[in-house]
Amino acid sequence: MQGQALPGFRDFFPAEAALRQHIFAVWREVASRYGFEEYDGPPLEALELYTDKSGEEIVGQLYEFEDRGGRRVALRPEMTPTLARMVASRAQALKKPIRWFAIPQLFRYERQQRGRLREHFQLNMDLLGEPGPLADAEVIAAALDVLRALGFGPDAVRVRLSDRRVLRALLAHAGVSDPQLPAAYAAIDKIDREPREVLEARLAKLGLAEPVIAATLAVGNVRGREPFRAALASLPDGGEVADPLVECVAALDAMQLGAFVDVDLSIVRGLAYYTGIVFELFDAGRSLRAICGGGRYDGLLTALGGPDLPAVGFGMGDVVLGELLAERGIHPAGAAGLQAFLVGVTAEDTETVLALAHRLRDTGIRVEFALKAQSVGKQLKLAAARNAPRAVIVGPDERAAGEALVRDLGTGTEARVAFDRLNDVLAQQ
Ligand code: HAM
């Protein structure tokens with residue numbers, strides 16, 4: 001047991017760290033293309049921040065404890081409450097709309113399975129201060145652009161979109177009362193994961209009549225733009241409530257991202273704070289959990305004692321993305337390799353090797369040398385093992401002449417190079 005990380009926690013050996021860096025680099029690059037600024041918060045927060053606002057599922061998975069000062073605290077399971085708390089504390093001073101992103105490590109005591117761990121990193125992109133659907137389209141487009149930048153097209157990745165305002169209107173029309181709404185949402189959320197009889201039984205327990213149950217599940221089964229339009233037509237106001245969702249989809253079409261988009265009313269999202277458009281990105285084969293989930297949460301800042309600021313955003317995990325990249329055989333290269341390995345012929349050459357190595361490193365050249373006195377043969381073996389393309393050999397004769405012997409370890413060719421020209425020669429690779 002001692003040789004292993006805790007269940008659901010990862011060791012990042014260099015190959016895994018390289019994959020993580022690759023994902024983070026794409027996240028940062030896309031976020032900056034959209035004009036988002038990076039922020040961060042503490043990994044440990046007051047427990048109430050989550051018990052009040054996140055919803056049962058996440059609260060049941062908290063790593064929570066009492067600290068030495070007697071405070072009830074929790075490791076952050078998600079970033080949104082921290083973001084809302086931070087923005088609420090400075091809302092007047094911040095220029096709107098606020099476009100912020102973060103890459104926090106999050107902790108949830110989940111049952112470990114493929115794509116689901118007890119810690120993960122999550123790109124969060126949130127846009128605050130804009131209630132209109134172009135803000136929703138903007139963050140959805142950013143999420144899709146991350147996937148496009150990683151090499152995935154609409155055949156590989158889908159975004160499924162819904163809107164809780166539309167769901168509420170359709171469910172009310174179907175005969176679901178406001179107090180019954182959370183249970184109806186929960187049933188619709190599980191429509192693809194649980195047998196119909198189980199969902200029917202659960203809704204019947206709430207006192208819903210058979211036709212209402214059937215109508216509720218029919219709402220959750222509305223998938224695709226045409227069935228969506230038909231469902232709206234049944235509403236008394238002709239579906240005005242769906243205007244934001246329709247405009248959001250039109251904006252994504254205008255950005256040439258429409259091929260990724262499925263309107264899908266089975267998307268509800270587990271978190272309690274969503275108030276409008278909700279969405280999830282999945283691999284097209286649906287073999288993994290969601291890659292990304294998000295939506296509009298216009299009430300969260302006021303609920304935390306802050307100003308009335310509309311907000312929309314998403315979280316995208318590194319675990320599912322990593323699995324998808326591995327499935328496609330994408331293994332990003334690790335850190336840039338060495339440019340040269342410095343070799344001292346005698347013990348007296350060590351000082352010169354150290355001085356040269358340090359000067360080369362100061363100019364950005366990646367070099368190593370043996371950390372103890374060794375034969376030239378052993379040093380060259382080490383150079384090969386470290387994949388150095390060249391050896392820079394310094395012996396008494398070279399020192400006297402102020403130059404080194406640069407050997408190409410691939411071809412075996414050699415050239416004498418003055419010490420002060422070494423960085424120019426080694427930079428050409
Ligand atoms: P979430 O749906 O709980 O949303 O998480 C977002 C994404 O994080 C998931 O789609 C999944 O890729 C990843 N994820 C979540 N839990 C795990 C886990 N245990 N192991 C691996 N990956 C996981 C939120 O957290 C919201 N706060 C997102 C948000 C931001 N909404 C608005 N702004």
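This is a predicted model: local features need pLDDT of at least 70, side-chain atom pairs count only at pLDDT 80 or more; totals for chains, interfaces and linings use all residues.
The shell around the ligand comprises 27 residues, of which Glu78, Thr80, Glu110, Asp126 and Tyr274 come nearest. By class, this shell is made up of 10 nonpolar, 10 polar and 7 charged residues. In the side chain of Thr80, an N or O atom lies 2.7 Å from a nitrogen atom of the ligand. An oxygen atom of the ligand is found 2.9 Å from a polar side-chain atom of Arg269, and a polar backbone atom of Ile291 is 3.1 Å from an oxygen atom of the ligand. On its own, the ligand has 660 Å² of accessible area, and the protein covers 97% of this area. Two or more residues of the shell are contributed by each of the elements β7 (119–128), β11 (292–296) and β12 (311–317).

The packing of helices α6 and α7 was also examined. Helix α6 spans residues 164–174 and helix α7 residues 181–189; their axes are 11 Å apart and meet at an angle of about 110 degrees. Because angles of 65 to 115 degrees count as roughly perpendicular, α6 is classed as roughly perpendicular to α7. On the α6 side, the contact is formed by Arg164, Leu167, Arg168 and Leu171, which meet Leu181, Ala184, Tyr185 and Ile188 of α7. The residues of this contact divide into 6 nonpolar and 2 charged, with no polar residues.

Conventions:
Residues are numbered from 1 along each chain as its sequence is written. Side-chain values use heavy atoms; hydrogens and water are left out. A residue is near a molecule or strand if one of its heavy atoms lies within 4 Å of it. A polar contact is a pair of N or O atoms within 3.5 Å; within protein, one must be able to donate a hydrogen and the other to accept it, and residues adjacent in sequence count only if both atoms are side-chain atoms. Accessible areas come from the Shrake-Rupley method with a 1.4 Å probe; for residues, only the protein chains shown count as cover. Helices (H or I, at least four residues) and strands (E, at least two) are DSSP runs, numbered from the N terminus. Ala, Val, Leu, Ile, Met, Phe, Trp, Tyr, Cys and Pro count as nonpolar, Asp, Glu, Lys and Arg as charged, and the others, Gly among them, as polar. Axes are lines fitted to C-alpha atoms, for helices over the stretch in contact, and angles run from 0 to 180 degrees between N-to-C directions. Angles under 35 degrees count as roughly parallel, over 145 as roughly antiparallel, 65 to 115 as roughly perpendicular and the rest as oblique. Contact means heavy atoms within 4.5 Å.
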